[in-house]
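Here are my notes for you, to be read with the model open alongside.

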Amino acid sequence: MSSSNSRAARSNSNVAPVIQVERVSRWFGNVVSVSDVSFEIRPGITGLLGPNGAGKTTLLRMITGLAEVSVGSISVFDQQVRNNPDIYSRIGVMSEHETVYQFMKGRDFVKMMGQLRGVSNIDAAADKAINLVDLAEASLRPMGTYSRGMRQRMRLAATIVHEPDILILDEPLNGADPRQRVQFQKLLLQLADEDKTIVLSSHILEEVEQLADTVLLIVNGKLAASGDFHAIRAALDERPYHVRVLCDSPRDLASALVKLESVDAVYIDPDGAIVVLSRNVRDLQIELPRLAQATSARVRRVEPLDDSLESVFGYLVER
Amino acid sequence: MVFVYKLTLRQLSGRWRLLITLLLSALPVTMGVIWRLIEGDARPDHEFEDFALNGMLAASIIPLVSLAIASAAFSNEIEDRTLANLTLSPIPRWKIVVPKLLGALTVGGFFMVISAFVTSYIAYSGDMTTSLAVAAGAAVEVALYSSVFILVGLMTTKAIGFGLLYVFLWEGLFAGFVSGVRFLSIRHYSVTIVNGLDDRVFTEGEHLSFAVALVASAAVFVIFLALSIHRLRRMDVP
């Protein structure tokens, strides 16, 4: 089954939600970290997307019971998580921090985590998890000698050693090289095909796009958008882009640009550069060289003004 | 529980921590040897007891070693964020706190009890009753301080600072000068227990009754252990 087909099969809203978050807020002193957030998570991969500092980690920490909610309620398998240790036999959590014991060998770490979670045939379970992350050769070395990517993979092995129904992964691809990323993604898709519920946080849009069936977009502690990734992607594609064009005759080129169908507005900034507002940057890319030639304008630089993730998220919040 | 205990032993057995503990344990033993070399077979007087056993061992070394080891049992894990590995496991919180405390007791108690025993064995010319009484007092003191400092390590990342204030201000200063405070002083419980087990030691000064010291010791140990379990249940784990 291809990954897109698998996604379609997994995106079934008739399946009962595994995680329910209802009107949850969390504040630290006067700072509101998460504000009145509600959503449900079903089996498959759900991406928790948002810029750094948006409140993703706090939200995940509340879902896993590591942090208390200030207001609202969270349930997993219809049970509360906080002060309910039994539920952790069904949950695997990998936090964004490198929570490893440097002195411990990788295999011993995975075994200990399995034993703490009540795995009976621990040697076989540890071998299986370590093989899944392809770290058998390094498993007898202390984790202090590992690269960051290796530590991440060994942590993932420790997270899945008890074969949990839910995997909660906070920025799991941090520090992984491209090859490890591909391997990681393959493994997560494989686990999702086994009907696991995977919640994956990231501040990188493309990372979530490649994996998640459903996206929860968190900005400034609020749920800015949620649902099918393609709907969110389409909304992103519709947003107007600001493009700055530096050339030697801005007035002539600006007059020509404003007539284009793909251009919403054009103005010249105080530095004499043209700023174009366009909802169809692809057309603009094609038309700009032609118009520059027609108006004999020598273009020195073309740059997007708002391609940062924050501006993308900001746009979705304002809609 | 055994995994948490083994993990704690490994975490608390850093080379520098063990070396410093070993050096501190050797200090009262050295005092015992000096006494024997100078005084021959004479039984130590209350000045030796006040200086080496009470002032050095009970008032300084045991609380400091217990502070360094017991507070680290949780505070190090909170600092490097590995505590979540334990709290995200399907085990009740007491099964995390108890082996952590036992681990701290094993590492700290091992050195302190041996130091107390060897010091008194040398100073009291091999008197087993006195040596065992002093060792028992040291064991009780390590247990009580450890249960207190485990909680401090769970409550603040500045456990060493708060612990030092407590040891020197409360146990050292107030308990030494304000007579009512000794009812709330771990050091006085320990000294009273030694005196209760062998009334030839710590004959000078006012003591609590042996029974009060035993009951108060048990109460302190259980109360602080329960508070630590409660704290681990309620706290946000980083």
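The points below go through chain A and then chain B.

1. Ground rules. This is a predicted model, with local features needing pLDDT of at least 70 and side-chain atom pairs counting only at pLDDT 80 or more, while totals for chains, interfaces and linings use all residues. Residues are numbered from 1 along each chain as its sequence is written, chains are lettered from A and ligands numbered from 1 in the order in which they are written, and side-chain values use heavy atoms, leaving out hydrogens and water.

2. Glu171(A). Look in the loop between strand 7 (166-170) and helix 6 (178-193) of chain A for this one; helices (H or I, at least four residues) and strands (E, at least two) are DSSP runs numbered from the N terminus. Glu171(A) has 4% relative accessibility, so it counts as buried (under 20% relative accessible area, with exposed over 50% and partly exposed in between; 1.4 Å probe, protein chains only). Its side chain makes a polar contact of 3.2 Å with that of His203(A) (a pair of N or O atoms within 3.5 Å; within protein, one must be able to donate a hydrogen and the other to accept it, and residues adjacent in sequence count only if both atoms are side-chain atoms). Not counting residues up to four places away in sequence, Glu171(A) also touches others, including Asn52(A), Lys56(A) and Glu96(A); contact means heavy atoms within 4.5 Å.

3. Helices 2 and 3 of chain B. Their axes come within 11 Å and cross at roughly 170° (lines fitted to C-alpha atoms, for helices over the stretch in contact, with angles from 0 to 180 degrees between N-to-C directions). That makes helix 2 of chain B roughly antiparallel to helix 3 of chain B.

4. Pro44(B). The loop between helix 2 (15-39) and helix 3 (46-79) of chain B holds this proline, which is buried at 7% relative accessible area. Leaving out residues up to four places away in sequence, Pro44(B) touches Trp35(B), Glu49(B), Ala123(B) and Tyr124(B).

5. Thr87(B). You'll find Thr87(B) in helix 4 (residues 83-87) of chain B, buried at 2% relative accessibility. Neighbours within four places aside, its contacts include Leu66(A) and Tyr88(A), as well as Arg93(B) and Ile96(B).

Terms used
Parallel < 35°, antiparallel > 145°, perpendicular 65-115°, else oblique.
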